[in-house]
Amino acid sequence: QVQLVESGGGLVQAGGSLTLSCAASLRTFSTYSVGWFRQAPGKERELVASLGWLTGNTYYTSSVEGRFTISRNNAENTVYLQMSSLKPEDTAIYYCALEFRGGSLSRPEYWGQGTQVTVSS
């Protein structure tokens, strides 16, 4: 059974930084595109950032462009989300997701359990 274990969430003041990690128990991790989604209370889940498995192409939603960076370490089966200049509107539960040879993360096969990020003003 594949598990995605997230860590790094927490409470931070506006303007601060956090780095989320997601470790996957998946030997073929390198053949998966990876992404981070978030869901704020009362809002739909949205794709925040993604990283393609083959080309390494990245996508960022406009509200985090220039502040967040997604990366991966295939040797450690881990994906990261570095978040800086955090704003209260970044408050949400963040989920990592994997899609086999995917690109848009439209149908991830695997999801993490979620980690809470709270940004205080």
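The legends below describe close-up views of a predicted model.

**View 1. The open sheet of four strands.** Strands β1, β3, β8 and β7 form an open sheet in the order β1-β3-β8-β7, with antiparallel pairing. At the edges stand β1 and β7 (68–73), each with a single partner strand, so one side of each has no neighbour in the sheet. On average, neighbouring strands of this sheet are turned by 15 degrees against each other, direction ignored. Strands of a sheet pair through backbone hydrogen bonds, in a parallel or an antiparallel way.

**View 2. Strand β1 and its partner β3.** Strand β1 covers residues 4–7 and is joined to β3 by four bridges, the two running antiparallel. Ser-7 has Ser-21 of β3 as its bridge partner, and Glu-6 stands opposite Cys-22 in β3. In a regular strand the side chains alternate between the two faces of the sheet.

View 3. Strand β3, residues 18–24, is mostly covered, with five of its seven residues buried. Six bridges connect β3 with strand β8 (residues 78–83), and the two run antiparallel.

**View 4. Asn-77 in the loop between β7 and β8.** The loop that lies between β7 and β8 contains Asn-77. Is Asn-77 buried or exposed? Asn-77 has 18% relative accessibility and therefore counts as buried, since the cut-off for buried is under 20%. Leaving aside residues up to four places away in sequence, Asn-77 touches Cys-22, Ala-23, Ala-24, Leu-26 and Phe-29.

View 5. Strand β4 is mostly covered: of its eight residues, seven are buried. Eight bridges join β4 to β9, and these strands run antiparallel. Gln-39 stands opposite Ile-93 of β9. Strand β4 also pairs with β5 in the antiparallel sense, over five bridges. In that pairing, Gly-35 has Ser-50 of β5 as its bridge partner. The hairpin of β4 and β5 has six residues between the strands, and in this hairpin Gly-42 takes a positive phi near 80 degrees.

**View 6. The largest nonpolar core.** This core has 29 residues. Which residues have the most contacts inside it? They are Trp-36, Ile-70, Leu-81, Met-83 and Tyr-94. At least two residues of the core come from each of the strands β3, β4 (32–39), β5 (46–51), β7, β8, β9 (92–100) and β11 (115–120).

View 7. A pair of aromatic rings is described by the distance of the centres and the angle of the planes. The count of aromatic pairs in the model comes to three. The ring centres of Tyr-32 and Tyr-110 are 5.9 Å apart and the ring planes are at 45 degrees, so this pair is tilted. The pair links distant parts of the chain, with Tyr-32 in strand β4 and Tyr-110 in strand β10 (residues 110–111), 78 residues apart. Tyr-32 counts as buried because its relative accessibility is 8%. Tyr-110 has 26% relative accessibility and so counts as partly exposed. Ring pairs link Tyr-32, Phe-100 and Tyr-110 into a cluster.

**View 8. Arg-45 over two rings.** Arg-45 lies over the face of Trp-111, at 3.9 Å from the ring centre. Arg-45 also lies over the face of Tyr-95, in this case at 5.7 Å from the ring centre.

Technical notes: Residues are numbered from 1 along each chain as its sequence is written. This is a predicted model: local features need pLDDT of at least 70, side-chain atom pairs count only at pLDDT 80 or more; totals for chains, interfaces and linings use all residues. Side-chain values use heavy atoms; hydrogens and water are left out. Buried means under 20% relative accessible area, exposed over 50%, partly exposed in between (1.4 Å probe, protein chains only). Two strands pair if DSSP finds at least two bridges between them. Axes are lines fitted to C-alpha atoms, for helices over the stretch in contact, and angles run from 0 to 180 degrees between N-to-C directions. A nonpolar core is a set of buried Ala, Val, Leu, Ile, Met, Phe, Trp, Tyr and Cys residues joined through side-chain atoms within 4.5 Å. Contact means heavy atoms within 4.5 Å. Rings of Phe, Tyr and Trp (its six-membered ring) pair if their centres lie within 6.5 Å; planes under 30 degrees apart count as stacked, over 60 as edge-to-face and the rest as tilted. A charge sits over a ring if NZ of Lys or CZ of Arg is within 6 Å of the ring centre and within 35 degrees of the ring normal.
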